[in-house]
Amino acid sequence: MARARLWTSATILLAVVLAVLVVPPLTDLDQQLVAFSDKLRPPTPSHPFGTDDAGRDVLLRCVYGLRVSLLVGVVAALVATVVGSTVGALAGALGGWPDRLLMRLVDAFASVPHLLLGIFVVAMFRPGLWPVIASVGLTHWLSTARLVRAEVLSLRERPYVEAAISGGSTRWRIAVRHLVPAVLPRAGLAAVLMVPHAIWHESALSFLGLGMPGHQASLGTMIHAGRGSLLAGDWWPTLFPGLFIIVPTLAIAGLAGVWRERISPRRRSELML
Amino acid sequence: MSPRPVTGQPTTPGPAADTRGDPSPPTDPRPVLSLRHLTVTFRMRGGRAVRAVNDIDLDLAAGECLALVGESGCGKSVLASALLGLLPGNAVVSGTALVHSPGTPTAPLDVLSAPEKTLATRVRGRLIGLVPQSPAAHLTPVRTVRSQLAETVRELHGTPRAELRAATERAAARAAFPPDHLDHYPHQLSGGLAQRAATAAALVGDAPLLLADEPTTGLDRDLVEHTVDELRRHADAGRAVLIVTHDLVAAERVADRVAVMYAGRIVEIAPAPSFFGEPGPRHPYAHGLLQALPSRTFVPVPGMPPELSRLPTGCAFAPRCGRATAQCTTTLPAFTDGTACHHA
Amino acid sequence: MLELAHLTAGYPGRPPVLRDACLTIAPGEAVGLQGPSGCGKSTLARVAALLHRPDHGTVTVDGHRVHGWRHRAPRSLRTRIGVVFQQPRQSADPRLTLADVIAEPLRANGRRAEVPDRLPELSRSVGLTDELLTRRPHEVSDGQLQRACLARALALEPRWLVCDEMTSMLDASTTAALVGAVESYRTRTGAGLLAVSHDDELLTRWCDRTVTLAAGAAGSAGAAGSAKDLDTWTS
């Protein structure tokens, strides 16, 4: 069961990543090629996903759009995980007033809705890739910070940490030797699970017209643009970008699920002694 | 292995002991638990196989308490988990473990080959009651003892709501749990009362066999004595009690018979009085283990138990045994007349 | 001397588990500390190992008055006291091999160069075989893991050993072997010992004298929860 899930997810993800990496440089196709004579054609062999209201190929734009989404998702998740793990680990390891200060900061951030905060960040800059990454990354580190702090707090009280203190280890050595390796798998899992979240966030921003500039393909801007023709019964310019958001999301979640089972302690004791 | 007599055990079931009536006839000759060639092998990564329990034969009669003792890692906990079907997925079990409810016409059930559904509906709680290792961790902290006990009663007997309260109180009374503490939460109970609450839940299904896996680990001496005395009481009430423990002092206090396990095999089974008193254990390992007690010579058995994945040929204890001869290193001693040693 | 004077200690939000406890251990002396569950004997052991800050009272190690606990205690003071806990599974980092567990204190104190010499010596002194040293904690039994934890406590040659219920999860033979390893270390180095256990037979056999910590530490001033004037005897 777990094996089937692993292979399905891995295969889908590999295909998506390959498509995103290989198609744009290798093919000579121009995603921006406008052909008004061909606008809003339903799926045909030459345009498998049809064309949009400017006659551009939806499949090709989906691939380009996913490229943006994946880039935003991965980089933003990395930013969020690094920021969150650092804040959480510092709060958990130092305790006392630094812990209280950092956690109130987290609470303050958490009290504002993600999207609102994201819009605020984007609004300060011109629309583009980096503001979107910053907007997603800087709003998603809160849960990671809480998770890492809780983990560090529980590890700090373990007898093996006490034995290390008694053995003369410095705080730094305990952190590097015992705490970080213990927290890393969980923080990594949180990072992977954040990639789909960040993809959705980017799409939402773009859909609202705050993310990528309108002419540049992104799954969010495509859905946004396709919205108008949807009422006329032309479903393909919105459906396919939507699927391109959902399928990689599920594949990443599937991989994360397998990973979660790997690091859960019950797999550790195969032999009961 | 020669058939061991199962009648004439030190205690016979007390006819009035079971408050639910239907006292089991003391003449039922069949043992409550009968293990034959019980073997548990763990398949490890890289194709390795580790035999944690090896060819165990054991009988346990109603009203009898048997203590299974041995060093950590000798396989005694694996044996207990095997009986409840709670082994991890890489364990392969063979042999038979027949559990029989005395006084009932149903044939003994082999719990090793029973499917999970049978284990859940007929075995756990109904044929085998588990007295847990740490009762405090076994009880849900967010619910009262009454609500947890009532749930167990309803699950096992299907008692209608109107009678549930009385049935719950009867269940508590059987483990001598004070009725005025039923509405307490587990953290409000002392260690002894938490143990009784967990035992009460184990007794609800009227299981003829009670299995206690390390019931005394981490308890102070008073609580150890209290816990094993409770188990003794349930044996005297006609149940068969199997205690898995490393605590020889507790075993001496409670057991009718002692089985010593070493490297997955039982190396000696003896009546408790002759094991702890005169003439003492016959197997050199059992002798060494008993002598390691601080109240005796306090000298450890030399060396460490062998790796279960790399057992020596012949007797597994031979490398640590002062009496080992050439025969011991080549031939596995058969279990005859209560012990498995070439020199006993 | 390891001197614990008028210790009151506990955990936030609860009444102190230890009140006005006094205990003095002379160099080379083995003192057993017993008492029922919850009487504060583990807390006393943690204070003595400089791992728990008492609310009141003083700890003096070889004439040095202790002012900081845990990381705030000077390293030279911390490493004078070796500590072994009750549950070996909780006391060893599951990611390290037994060899790394044992060698960790040497490495943490910049004595990495000594590891190749000391590691075989330490593991031999607690009866661990070389083959076991390459394994991780989940691949060995409780008894084998506790041997490694004892070896770790002995790695820096501490002047004092605190054994908090070191053997209560273990069988008789492993108990005797570990106590034997502690005793041969003490014979060689003259280290003092505080052994906490609820097994009075074990402590009577092991220690020079045994102190009983009464239950229900919260009581009238002075006597309750104190090791000072409760039945103390010498075996």
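Helices here are DSSP runs of at least four residues, classed H or I and numbered from the N terminus. The model is predicted.

**Stop 1: a loop in chain B**

Select Phe298(B), which is found in the loop between helix 10 and helix 11 (326–330) of chain B. Its phi is near 65 degrees, a positive value in a residue other than glycine. Is Phe298(B) buried or exposed? With a relative accessible area of 13%, Phe298(B) is buried, because the cut-off for burial is under 20%.

Continue along chain B to the segment after helix 11, where Asp337(B) lies. Asp337(B) is not a glycine, yet has a positive phi of about 55 degrees. Asp337(B) has 58% relative accessibility and therefore counts as exposed, the cut-off being over 50%.

Now step back to the loop between helix 9 (272–276) and helix 10 (284–291) of chain B, and select Pro279(B) there. The peptide bond that leads from Glu278(B) to Pro279(B) is cis, and its omega is near 0 degrees.

**Stop 2: the sheet of chain B**

Show chain B as a cartoon and select residues 33–43 and 91–99. These are strand 1 and strand 4 of chain B, which run antiparallel and are joined by 8 bridges. Within this pair, select Val40(B) and look across to strand 4 of chain B: the residue opposite is Val93(B).

**Stop 3: the largest cavity**

The structure holds 7 cavities of 30 Å³ or more. Go to the largest cavity, with a volume of about 320 Å³. Its lining has 24 residues, and those closest to the centre are Arg221(B), Asp247(B), Thr167(C), Leu170(C) and Asp199(C). Select these five to centre the view.

Which helices each supply at least two residues of the lining? In chain B they are helix 7 (221–236) and helix 8 (248–254), and in chain C helix 8 (172–189) and helix 9 (200–206). Colour the lining by residue class: 9 residues are nonpolar, 9 are polar and 6 are charged.

**Stop 4: chain A**

Hide the other chains and show chain A. Chain A has 10 helices and 0 strands. Along the principal axes, its C-alpha atoms fill a box of roughly 80 × 50 × 30 Å. Of the 273 residues in chain A, 46% are buried. Among contacts in chain A with a separation of 6 or more, 71% are between residues 24 or more positions apart.

Select residues 129–137 of chain A, which make up helix 5. The buried residues in helix 5 of chain A are Pro131(A), Val132(A), Ile133(A), Ser135(A), Val136(A) and Gly137(A). In an α-helix, residues three or four places apart point the same way, because there are 3.6 residues a turn.

Finish by showing what these buried residues pack against. Their partners in chain A are helix 2 (58–94), helix 4 (114–123), helix 6 (141–156) and helix 8 (171–207).

Definitions and conventions: Residues are numbered from 1 along each chain as its sequence is written. Chains are lettered from A and ligands numbered from 1 in the order in which they are written. This is a predicted model: local features need pLDDT of at least 70, side-chain atom pairs count only at pLDDT 80 or more; totals for chains, interfaces and linings use all residues. Side-chain values use heavy atoms; hydrogens and water are left out. Two strands pair if DSSP finds at least two bridges between them. On a 1 Å grid over the protein atoms alone, a cavity is a set of points where a 1.4 Å probe fits but cannot get out, and a pocket is an open set with protein on both sides within 12 Å along at least five of seven lines; lining residues have an atom within 4 Å of a point. Grid points are joined across faces, edges and corners, and a volume is the space filled by probe spheres set on the points. Ala, Val, Leu, Ile, Met, Phe, Trp, Tyr, Cys and Pro count as nonpolar, Asp, Glu, Lys and Arg as charged, and the others, Gly among them, as polar. Buried means under 20% relative accessible area, exposed over 50%, partly exposed in between (1.4 Å probe, protein chains only). Contact means heavy atoms within 4.5 Å.
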